[in-house]
Amino acid sequence: MTLDAGETLAVVGESGCGKSLSAMAITGLVPPRAKLIADRIALKGKSLLGLREREWRGIRGRRIAVVFQDPMTSLDPCYTIEDQMREIGRQHLALDARALRARMLDLLRQVGISSPETRLSQYPHQLSGGLRQRVMIAIALMCEPELIIADEPTTALDVTIQAQVLRLLADLQKEHGFGLILITHDLGVVAGAADRIAVMYAGQVVESGPTDTVLSAPAHPYTEGLLHSIPVPGRTARGAPLGFIPGVVPRPDAPHTACGFINRCSRPVSACATPIALMPIDPAHAARCIRPCLGGQIVERHPATETAA
Amino acid sequence: MKPDALITVEGATKDYIVHAEGVRATLRALRGIDLTVRRGEVLAIVGESGCGKTTLSRLILGIEEPSAGHVSLEGKAATDYDRLARAALIQPIFQDPYSSLNPRMTIGQIIAAPLVVRGRGGRRERHTQVMDAMRQVGLAEHLRNAYPGQLSGGQRQRVAIARALIGEPEILVCDEPTSALDVSVQSQILNLIAELRARFSLTIVLISHNLAVVHHLADRVAVMYLGQIVESGPTEKIFASPRHHYTRALLDAILVPEAHRRLPRLTIDAEFPSPLTPPPGCAFHPRCPAADAVCREIDPPPVGDGDTRFRCHHPLPTPA
C-alpha cells in the first residue's frame, strides 16, 4: 500500500481480515507474539523497519498519530483532558506552560468544541462519545503529524455524529495536509471520505484503486459481492432478496496455497488453486484475481506472465 | 383498539431511578408513547442510542412494565400474560448472538429449549421439529451437536432465529439483528428474516439505527427522539418526504457505498441531550435548524396528516 501526502486511503474489510494489523504495523505496534516481516515500510522515504524504541519516540505521536475506535478506552479515565493533552505536548513540543495551554485550547476549538476551557478540566466520562472522539482527534493533531491512522473512528458513534466526525477529519485534512489512513468495515463511510480504497480479505489486499472506480466498477468478486449485499435506499428494490457471499472467511491459520477467496467465489476456475498475485488492471487500479470484472465483462488473465510483468 | 392491531401501546411512560454523580434522579426513558403494530406488518423503530427504542421493545416483550400507560398484545396487557403464554405469542431476537446463546448447551438443545420448557412433544417429535427449524434457517444438520463457540456470528444468529420460531410465535421483536455481524453475512440474515416473515405471516418489530436496513425491510417507521415518537408513517412516505427535522437529519446521515458521493453536511450540530435533563418545550429544539421561541416553551403535540403523524411546530413542507 502507498499513501500520498494529503491523501486519504481507506482500508476496508471484515473483522479478522488484517486491516488494523496492517495499519498498526506502520507504527511498529504489533502484538508481542506477532512477528513483523516486511520488505519495506517507509515514511517520506525513511525506513521504519528495525527502529529502536528511542527512535520510535520521535515518530509515534509526533509524525504518525493514531485515533482509535473507542475513545473511552484510549483516554485514561483518571486524568482530565488537559492532563492527557499536556502529556503529548510536553513529550514532543518545546513550549512553555502558557503557550502549551493556548495550543490545547486552539486545537479543541479546531475540532469544533465550543467551550474548550471547561472541557480541559473535565474527565473523559463527563464527555459524550462524539466529544471524546473530537478530543482524540485534537490530541492526534497536537504535533502536526504527517500521517493519521484512524481505526474505525466512527463505529462507536451515533449516525448523525458519525457524519460530523468524518466531515471534521476531512476539513482538518484540507487545512493541515496530513495523510489519512481510514480503517473501516463500512463501505458507506468510504464513499464520501476516501480518495482511494484498499479492500482486504483474509490477510491480503485483494483490490485497490480510486474510490469511485472501485465502488462503481469493482474488479474482484469479493468487492462485488460486498457491494451487492448492502441495501441502498432508492437503488435496491425494497424487500427483494439482497446479494450475499456464501460460506465463511478461511481461518487465519489456513495455509495460503490457493486464492484465499476460492471457496466463496462465484466464478472460480482450476487456475485459482494457486496463490494469486495482486495484478494491475490500469496504473491506478489492481485486483488479486485472474478473472476480474472489467467494464462489465469477466476477463481471463494468466497468473504467471502477469506476475512477471 | 383498531381491529387489525396486534400490539397497542397507549401513553406509555417508563421511569428509572438512577444515581448520577451521587444524586438520586428519575430518568424518564419513555415519555408518552402511542404506537400500534398491525398484524402482519414490519414496523421499524429507529433512533440514536439513548432514545428509548430498546426500553420500548422491553415493554412490548413484557419484560418490563410501563410506569404509566398500557401495552397490550391482542387486546390483553402484555404483563397479564403468564410467561409461557406470552412466549408462545412473542419472541425476541437480540443484537449479539455471542451473548444470547448459552455456551454450555449444544445447538440442538438451545433450539429445543422452548419446546422442553413447555413440555411439548416427546423426544423423537422434538428432534424432528429441531431439524425442521434448522433447515428453515439454513443451518447444516451436523451442527446440532456443536456448541455456540464453534459457530460463526451469522450461524449463531440463525440459531437464535430458529429458537425464536420453533414455538410458532406471531410476533418477532428484532433488536439490531445484524449490527454485530460482518457485512457479507448481514444480508443473508436480512434475507432470512424477510423470507420467514412471508412464509409464517409474522408480525415484526424491527429496532435499528441503520436506516438502509429499515428502508429495505419495514412497512412502517416510527422515529424516536429522547423518549418520544417524533414521526411515524409508511416507510416510502417517511423516506420521500419527512416532516420532522430530526427524521430529515437521520436520512441525510445515511452513508451509501456509491461512487461520486460527498460526505453529508448535516443541518443539526449539537449533540444528543442527557435524558436526565430533557430540554424544555420540544426536546429537539437545541439541535433544530427551525427552532424559535415557541419550540423552546411548548412541546408540540402529535398531529396527524393522513397516515403519518409528527410532533413539530414548523414541519418540513410536503412536496407539491
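The model is predicted, so local features need pLDDT of at least 70 and side-chain atom pairs count only at pLDDT 80 or more, whereas totals for chains, interfaces and linings use all residues. Residues are numbered from 1 along each chain as its sequence is written, chains are lettered from A in the order in which they are written, and side-chain values use heavy atoms, with hydrogens and water left out.

Helices (H or I, at least four residues) and strands (E, at least two) are DSSP runs, numbered from the N terminus. Of the 13 residues in helix 5 of chain B, 11 are buried, so this helix is largely enclosed by the rest of the structure; buried means under 20% relative accessible area, exposed over 50% and partly exposed in between, with a 1.4 Å probe and protein chains only. Among the buried residues are B:R156, B:R158 and B:L165. The buried residues pack against elements of chain B that include strand 6 (90-93), helix 3 (107-117) and helix 6 (183-200), where contact means heavy atoms within 4.5 Å.

Over all chains there are six aromatic pairs, counted for rings of Phe, Tyr and Trp (its six-membered ring) with centres within 6.5 Å, planes under 30 degrees apart being stacked, over 60 edge-to-face and the rest tilted. The rings of A:Y201 and A:Y222 have centres 4.5 Å apart and planes at 55°, so this pair is tilted.

Between the chains, 50 residues of chain A are in contact with 41 residues of chain B. The buried area is about 3800 Å², of which carbon and sulfur atoms give 56%; this is the accessible area (1.4 Å probe) that two parts lose on being put together, summed over both. Three salt bridges cross this interface, each a side-chain nitrogen of Lys or Arg within 4 Å of a carboxyl oxygen of Asp or Glu. B:E258 forms a salt bridge with A:R235, the closest N and O atoms being 3.1 Å apart.
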